[in-house]
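Please look through the sequence and the model shown here before reading on. The report then takes up selected local features in turn.

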Amino acid sequence: MTGMLTIAGLGPGDEGLVTPEVSAALADATDIVGYAPYVGRVAPRAGLVLHPSDNRQELQRATDAMRLAAEGRRVVVVSSGDPGVFAMASAVFEALETSPQWQDVAIRILPGVTAMLAAAARAGAPLGHDFCAINLSDNLKPWPVIEKRLRLAAEADFAIALYNPRSASRPEGFARALDILKEAGCGDRITIFARAVTTADERIEALPLRDARPEMADMRTLVIVGNSATRRIGRWIYAPRRAS
Ligand code: SAH
């Protein structure tokens with residue numbers, strides 16, 4: 001049996017947003033590896049071994065997946081959204097760098113619909129002009145780096161997608177992030193809180209950044225701060241395609 005390591009994105013939640021190629025990879029897999037809630041989204045069946053694990057065990061998870069693939073299994077490592085966006089694809093390559101004995105394992109990465117795209121579609125078109133994405137979790141980077149990126153993104157007038165707004169290890173981080181953006185002159189900017197997009201728990205709220213409260217976000221929320229030209233048209237929010 002020829003092993004294969006597939007790193008797949010399951011999309012933001014809705015079954016209809018799992019791509020056909022990801023569905024085919026799951027149907028062909030012998031093993032599913034990933035954070036328990038994501039593994040839980042894969043239907044069990046005879047011959048399929050599920051390997052759920054805790055959050056924050058990315059490197060161990062990636063190493064286990066590589067070992068299984070090297071043994072000839074067809075392993076799918078699952079992430080929510082897209083596997084390359086703040087997710088498992090980078091962890092697999094980090095594991096590969098530290099364990100070069102697995103260099104010959106066949107690897108493929110199957111994209112998925114990342115949370116910011118699903119959230120933007122619900123709101124209208126807030127990413128229609130230049131934008132950036134910042135992960136507010138400081139598990140893997142120092143907080144001053146996050147502050148610097150927020151300031152420069154505000155100065156550059158990007159729309160800003162914020163992933164992991166409420167880091168478990170730093171619950172006050174999001175309040176600080178809002179303060180930094182206010183200090184940088186973004187108080188008027190339309191800010192979208194998109195929670196559990198495309199699931200039964202979905203909730204979308206939008207308001208000027210100065211009125212945003214930290215408790216409006218949790219770990220299932222994606223926040224989009226519009227650029228200075230982002231506006232409303234009826235129930236929709238969009239970024240004009242021209243910049244002045
Ligand atoms: N790889 C994922 C992101 C993982 S980081 C992706 O591409 O979407 C986890 C963060 O993603 C969460 O804290 C939240 O900010 C965001 N997120 C993931 N799914 C979401 C959803 N259905 N609705 C809103 N935000 C979501």
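What follows is a report on ring pairs, cysteines, helix packing and some loop residues in this predicted model.

## Aromatic pairs

The structure holds 3 aromatic pairs. F86 has a relative accessibility of 41% and so counts as partly exposed, whereas Y163, at 10%, counts as buried.

F174 and F193 make up another edge-to-face pair, in which the centres are 6.1 Å apart and the planes stand at 85°. Because F174 lies in helix α7 (residues 173-183) and F193 in strand β9 (residues 190-195), the pair ties together parts that are 19 residues apart in sequence. Both of these residues, F174 and F193, are buried.

## A charge over a ring

An arginine is also placed against an aromatic ring: R235 lies over the face of W236, at a distance of 3.9 Å from the ring centre.

## Cysteines

How many disulfides does a search of the whole structure find? The search finds 0.

## Packing of two helices

Two packed helices are described by the angle between their axes and the distance between the axes. Helix α6 (residues 143-155) packs with α7 at an angle of about 30°, and the axes are 9 Å apart. The crossing of α6 and α7 is right-handed. On the α6 side the contact is made by W143, E147, L150, R151 and A154, and on the α7 side by G173, R176, A177, I180 and L181.

## Residues with positive phi

Most residues other than glycine have a negative phi. F86, in the loop between β4 and α4, has a phi near 50°, which is a positive value in a residue other than glycine. D157 likewise is not a glycine and has a positive phi, of about 60°. The place of D157 is the loop between α6 and β8, and with 27% relative accessibility D157 counts as partly exposed.

## Two further loop residues

P12 lies in the loop between β1 (4-9) and α1 (20-28). Leaving aside residues up to four places away in sequence, P12 touches L17, R41, G81, V113, A118, V197, T198 and T199. The C-alpha atoms of P12 and I134 are separated by 17 Å, and these two residues are 122 residues apart along the chain.

Q101 and A70 are 31 residues apart along the chain, and their C-alpha atoms are separated by 9.4 Å.

Methods
Residues numbered from 1 in each chain as written. Predicted model: local features only at pLDDT ≥ 70, side-chain atom pairs only at ≥ 80, totals over all residues. Heavy atoms only, no water. Phe/Tyr/Trp six-rings, centres within 6.5 Å; stacked < 30°, edge-to-face > 60°. Buried < 20%, exposed > 50% of the residue type's maximum accessible area, 1.4 Å probe, protein only. Helix = DSSP H or I, 4+ residues; strand = E, 2+ residues; numbered from the N terminus. Lys NZ or Arg CZ within 6 Å of the ring centre and 35° of its normal. Disulfide = S-S within 2.5 Å. Axes fitted to C-alpha atoms, helices over the stretch in contact; angles between N-to-C directions. Left-handed = near helix turned anticlockwise from the far one by under 90°. Contact = heavy atoms within 4.5 Å.
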